[in-house]
Amino acid sequence: MHAKDILIDGYGRIREEVHAAVDGLDPDDLNARPTADTNSVAWLVWHLTRVQDDHAADAFDLDQVWLSQGWEKRFGLDLPRHDTGYGHSPAKVAKVRVDSGDLLTGYYDAVHEQTLQALRGLAAKDLERIVDERWDPPVSLGVRLVSVLSDDLQHVGQAAYVRGLLQSAAS
């Protein structure tokens, strides 16, 4: 198995978990926050998707799906165009509201497809390419891809947990 195959498998697992966390939830549940200082399923999935979109586009010199495919307009959020949710206050978290899970999974699926296309074209040596020199040591493509994979899996796990809390409270 090649490194790119492992990455493709890992990113595929994110997609499965995003759908599992979102599918079947109504807008009230998607946007519900267990407390005023916590994140909703909608915010968590939007944020993990924005991070993947932003970081993969930058690493592979691609346009962000958020902007190039009109997802920014479909979501209609009162946030800056390039906002990924990093460092959001509770007030900003509250601004990320969706009317359907299909919007979230549609955006995730579009980002996932762009990520997969980029991963399929990788050669082993590509993973050593430096994509961010602002860190010490500089960040390679391989490290960036694993970092995004890890971050996304953590956030989708949080979304699944929030979903469970909401479903438990409703029963």
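Which residues does F60 touch, not counting residues up to four places away in sequence? In this predicted model, in which local features need pLDDT of at least 70, side-chain atom pairs count only at pLDDT 80 or more, and totals for chains, interfaces and linings use all residues, F60 touches A118, L119, L122, R129, L141 and L145; contact here means heavy atoms within 4.5 Å. Residues are numbered from 1 along each chain as its sequence is written, and side-chain values use heavy atoms, with hydrogens and water left out.

F60 also belongs to the largest nonpolar core, which has 49 residues, and is listed with W46, F75, L104 and L145 as having the most contacts inside it. Such a core is a set of buried Ala, Val, Leu, Ile, Met, Phe, Trp, Tyr and Cys residues joined through side-chain atoms within 4.5 Å; buried means under 20% relative accessible area, exposed over 50%, and partly exposed in between, with a 1.4 Å probe and protein chains only. At least two core residues come from each of α1 (3-22), α3 (41-60), α4 (65-68), α5 (71-75), α7 (101-120) and α8 (141-170), and α3 supplies the largest share, 10 residues. Helices (H or I, at least four residues) and strands (E, at least two) are DSSP runs, numbered from the N terminus. In soluble globular proteins, nonpolar side chains tend to be buried together.

L104, found in helix α7, counts as buried at 1% relative accessibility. Beyond residues up to four places away in sequence, L104 touches V22, L30, A42, V45, W46, F75 and V98. L104 and V45 lie 59 residues apart in sequence, yet 6.9 Å apart in space, C-alpha to C-alpha.

What, then, of the helices α3 and α7? Their axes come within 10 Å and cross at roughly 25°, the axes being lines fitted to C-alpha atoms over the stretch in contact, with angles from 0 to 180 degrees between N-to-C directions. The two helices are therefore roughly parallel to each other, a term for angles under 35 degrees. Residues making the contact include V45, W46 and F60 of α3 and L104, A118 and L119 of α7.

Two backbone features complete the picture. D61, in the loop between α3 and α4, has a positive phi of about 55° although it is not a glycine, and D61 is exposed, with a relative accessible area of 73%. The peptide bond from D136 to P137 is cis, with omega near 5°; P137 is found in the loop between β1 (130-132) and β2 (139-140).

Key. Angles under 35 degrees count as roughly parallel, over 145 as roughly antiparallel, 65 to 115 as roughly perpendicular and the rest as oblique.
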